[in-house]
2 protein chains.
Amino acid sequence: MRVFGDWGTTRLRLWRVEGTGAPLDRLTGPGIGQLRATPDEALREALAPWLAAGRLERITLCGMAGARNGLREAPYADCPAAARQWRRAALAAEWHGAALRLGAGLACRDAQGRPDVMRGEEAQIYGALRLRPELGAGARTFVLPGTHSKWATVRDGAITGFRTFLTGELYALLQGSSLLAARAEGGDAGGGFAAGLERAGQGGPVGALFEARSRQLRDGCGDAWAREFLSGLLIGSELAEARQAGLPGLDITLIGDAALTARYARAIDAPAAPLRLDGDACVLAGLGELDADD
Amino acid sequence: MRVFGDWGTTRLRLWRVEGTGAPLDRLTGPGIGQLRATPDEALREALAPWLAAGRLERITLCGMAGARNGLREAPYADCPAAARQWRRAALAAEWHGAALRLGAGLACRDAQGRPDVMRGEEAQIYGALRLRPELGAGARTFVLPGTHSKWATVRDGAITGFRTFLTGELYALLQGSSLLAARAEGGDAGGGFAAGLERAGQGGPVGALFEARSRQLRDGCGDAWAREFLSGLLIGSELAEARQAGLPGLDITLIGDAALTARYARAIDAPAAPLRLDGDACVLAGLGELDADD
């Protein structure tokens, strides 16, 4: 039995695959950030239904599985890194008699020497390049929305650098903030997202977030509207900052969950709608890339 | 017995005062956002030590005491509002046989019609104007750092408008974020605040916050450094946004806790250090203003 897995901070996804990497079956488990057991125990527990039916020969994992608090610590590959360099930086080990391959993370520094890191998103980008080889020609920006939204520049098939935006995590943290404590009823969410996007174009978020609350107290907007406003304001702020940093001068390809990439596609004001790729398809293709032999 | 109180979201502060408003004694209790009992019960419980010793004649409160979920709902006074308009907008009622005066909040709209509100900070500003009448002449910006940092413009003694920055609440929320989950040891905090301020000058916070984590993972910075970096980045972002919105074109007066106003004074790059006033002294003077009879 061969298994592919994407083990992030918030969830573990496992696929039993056949020789070609096509998925036969699927399991899920807790993220690296949510474990009560050791990563080793948690992985065995998650795999138990399959282990009861057959012997594990090979398991290939990407994401936080290779972080310091993961299953084993895998290195970072330095940018620029093409799929081949990334694959060669992987950690190879034995795990309860099976061949374990743990994908490396990627590290980069910007022109000012500031460091950035990713663990997991690189598998989706290399997967996208495997599924759509034409995307590797020339220069292109890949945007992977999520808890830590990543903007990566790809030139001639290599990831040359990237920047992390805290958009998704800020949105999650703000769900417990005073901004939504008013729990105002009434009004629908309609227009909240667009209002947030528009507000983001008029200045940074620190002085704009409170509008989610003041509009509830003064303008009859409801709680649902405020959540949409926060989503629009944060995504819009991410785009404005990326624009300011000169990041989206290139064609943008969005990778991720369809509902989230649709929000970004709406927020990106471009003559042509950006290409959107499914995150699950990309991560599976990326694990296939990682699992390949040179 | 006469009592002054400032009842905010996170804490209740009560002063027993004599006829001139000079404080004789002090008590504390839970904030409006932390109550398990009703506000009425919570206030009686906090006052119990004094109620056992004498009869309450008059109690004057500012802050979230007048919010929808407070003791009673007090109105908002619309800007521009001088101390007299604010005092006249207060709610007067009876509370268990005592005369209750609940300060109004302030509401304003900016040039684009966007609403903003405050409850409590206005007492500190009117208090500052009472303590230092010369500050009421001409135009001036009052900055009150905190959970919800307020930038208020005062012209000829009236608060003409203000904007809320979520700086302090974002800082608090980020203490539970993935940015500090690495818990890196080593390195001291030295330089973290300055690095955050500098980073804020190079673009917005959404794409800069993650540096608190990547520096721990890649540059040997510790957890303490990361917290200082976050403080500098958020305060610096607030200042950059305020500058962009044209707010600090005027002389700045800082009101608040000494440790926090010192951070802002350091962050404000001005030829002369901004005037700093103690928040407790200002709120007491403001309650005296609220308690006065026309």
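I take two strands to pair if DSSP finds at least two bridges between them. Helices (H or I, at least four residues) and strands (E, at least two) are DSSP runs, which I number from the N terminus.

The model I examined is predicted, with local features needing pLDDT of at least 70 and side-chain atom pairs counting only at pLDDT 80 or more, while totals for chains, interfaces and linings use all residues. Residues are numbered from 1 along each chain as its sequence is written, chains are lettered from A and ligands numbered from 1 in the order in which they are written, and side-chain values use heavy atoms, with hydrogens and water left out.

**Entry 1: strand β11 of chain B**

I looked up the partners of β11(B), residues 139–144. With strand β14 of chain B (residues 252–256), β11(B) runs parallel, and three bridges join the two. I noted B:Ile252 in β14(B) as the bridge partner of B:Thr141. With strand β12 of chain B (residues 149–155), the pairing of β11(B) is antiparallel and extends over six bridges. Here B:Lys150 of β12(B) is the bridge partner of B:Leu144. I find four residues between the strands of this β11(B)–β12(B) hairpin, where B:Gly146 has a positive phi near 160 degrees.

I then checked burial, using relative accessible area (buried under 20%, exposed over 50%, partly exposed in between; 1.4 Å probe, protein chains only). Five of the six residues of β11(B) are buried, so I record the strand as mostly covered.

**Entry 2: backbone angles in loops**

I looked for cis peptide bonds and recorded the one from A:Cys79 to A:Pro80, with omega near 0 degrees. A:Pro80 sits in the chain A loop between β5 (76–78) and β6 (81–82). In chain B, the bond from B:Cys79 to B:Pro80 is cis, also with omega near 0 degrees, and B:Pro80 belongs to the loop between β5 (76–78) and β6 (81–82) of that chain.

I next examined positive phi values in residues other than glycine. B:His96 has phi near 50 degrees and is placed in the loop between β7 (91–95) and β8 (98–102) of chain B. For A:Asp156 I read a positive phi of about 45 degrees. The loop that holds A:Asp156 lies between β12 (149–155) and β13 (158–165) of chain A. A:Asp156 counts as exposed because its relative accessible area is 65%.

**Entry 3: A:Glu289**

I located A:Glu289 in helix α9 of chain A, residues 279–291. Its relative accessibility is 13%, so I class A:Glu289 as buried. Beyond neighbours within four places in sequence, A:Glu289 is in contact with A:Ala83, A:Trp86, A:Arg87 and A:Arg130, where contact means heavy atoms within 4.5 Å.
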